[in-house]
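Subject: Handover of a structure

Dear colleague,

Please find below the structure that I am handing over to you. My findings follow it.

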Amino acid sequence: MKDFVFKKKYGQNFLSDKNLLRAICMDAGVDENSSVLEIGAGAGSLTEILSENAQRVVSYEIDKDLKEHLLGLKLANVDFVFDDFMNFKMSDVENQFDGEFKVVANLPYYITTPIIFKLLEEGTKVKSLTIMVQKEVAEKICSKVGDKDYGIPTVVTAIYGSAKITRIVGRQMFYPAPNVDSAILHIEIEKDKFKTIDKEKFSKFVRACFAMRRKTLLNNLSSFYDKSKLKEALGEELLARRAESFSLDEFVELFTKCKAL
Ligand code: SAH
């Protein structure tokens, strides 16, 4: 790692505090039977702890300048992939695992949301996500109906599983320190909960409902559905409300009622 130049464009903010790294592993519930996917190995500090605690780790790292250092760690149960995680189809990522796996990572912040949604929307063997993200992103995803940051990421995540913040991590814990604080976000995937819902279509529906936040449901949905049919299916009262006022269960109900339109 001598002479390593940090690359801002890759969101390189490394961790080294062993207690924090162990805490991330613990929040993820990693044990000797776990398979783990890490995105962004960096200098391998989290990878090492994961390697000690899990059965197997697959770790992606885009920066080839880190290759020699990471391979030099000689972690027997870790397979590194030196490439852009976003370039892979989720099915190819999943083929590297026999069964289910947990995602544990200190994510590169410039692509936090695309990574989360790729894992949620395209993953079939993902058991849980335990990821370091910007505090604001974690708070948004965990917010409740009525909170000001309640929105698309909150509702779309909730259809896949339950999200919670396990701890807040100050910016000083990273090197170099980013200019935002962070949080560890844990999402436990609940495969059976909304089994009958087509989640991809549900996501699109939620995005349509929130298209213009200050507008009513009627305004937002009338660009996708016939107005009179909407009124018939949902009634004037629901249509006069804004998307931000609906809970997850209400969204599921709205979605189900609109499916036939
Ligand atoms: N896990 C390490 C590093 C976290 S920083 C630690 O906690 O110390 C995020 C890491 O993700 C960086 O090493 C960066 O190079 C890597 N990265 C950024 N974009 C990536 C991508 N698209 N695919 C894979 N890795 C990426």
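**What covers helix H2**

The cover over the buried residues of helix H2 includes helix H1 (18-27), strand E2, strand E3 (56-60), strand E4 and strand E5. Those buried residues of H2 (residues 45-53) are Leu 46, Thr 47, Ile 49, Leu 50 and Ser 51. Buried here means under 20% relative accessible area, exposed means over 50%, and partly exposed lies in between, with a 1.4 Å probe and protein chains only. Helices (H or I, at least four residues) and strands (E, at least two) are DSSP runs, numbered from the N terminus.

The model is a predicted one, in which local features need pLDDT of at least 70 and side-chain atom pairs count only at pLDDT 80 or more, while totals for chains, interfaces and linings use all residues. Residues are numbered from 1 along each chain as its sequence is written, and side-chain values use heavy atoms, with hydrogens and water left out.

**The sheet**

The 7 strands of an open sheet follow the order E4-E3-E2-E5-E6-E9-E7, and their pairing is mixed. At the edges are E4 and E7 (161-169), each of which pairs on one side only. From one strand to the next, the twist averages 20°. Two strands count as paired if DSSP finds at least two bridges between them.

Strand E5 (residues 101-106) is mostly covered, with 6 of its 6 residues buried. On one side these are Phe 101, Val 103 and Ala 105, and on the other Lys 102, Val 104 and Asn 106. E5 runs parallel to E2 (residues 35-39), to which 2 bridges join it; in this pair Leu 37 stands opposite Val 103. With strand E6 (residues 126-134), E5 also pairs in the parallel sense, over 6 bridges, and here Val 104 faces Thr 130 of E6. By contrast, E7 and E9 pair in the antiparallel sense over 8 bridges, where Ala 163 has Ile 187 in E9 as its bridge partner.

Together, E5, H5 and E6 form a right-handed β-α-β unit. Right-handed means that, with the strands pointing away from the viewer, the path from the first strand over the helix to the second runs clockwise. H5 lies across E2, E5, E6 and E9, and runs at about 175° to E6.

Helix H5 (residues 112-122) also packs with helix H7 (residues 152-160) at an angle of about 35°, the axes being 10 Å apart. Axes are lines fitted to C-alpha atoms, for helices over the stretch in contact, and angles run from 0 to 180 degrees between N-to-C directions. In this packing, Phe 117, Leu 120 and Glu 121 of H5 meet Pro 153, Val 156, Thr 157 and Tyr 160 of H7, where contact means heavy atoms within 4.5 Å. By class, the residues in the contact of H5 with H7 are 5 nonpolar, 1 polar and 1 charged.

**Two places in loops**

Tyr 175 and Pro 176 are joined by a cis peptide bond, with omega about -10°. Pro 176 is placed in the loop between strand E8 (174-175) and strand E9 (182-189).

Lys 74 has a phi near 50°, a positive value in a residue other than glycine. Lys 74 lies in the loop between helix H3 (67-72) and strand E4 (78-81). At 69% relative accessibility, Lys 74 counts as exposed.

Yours sincerely

Key: Ala, Val, Leu, Ile, Met, Phe, Trp, Tyr, Cys and Pro count as nonpolar, Asp, Glu, Lys and Arg as charged, and the others, Gly among them, as polar.
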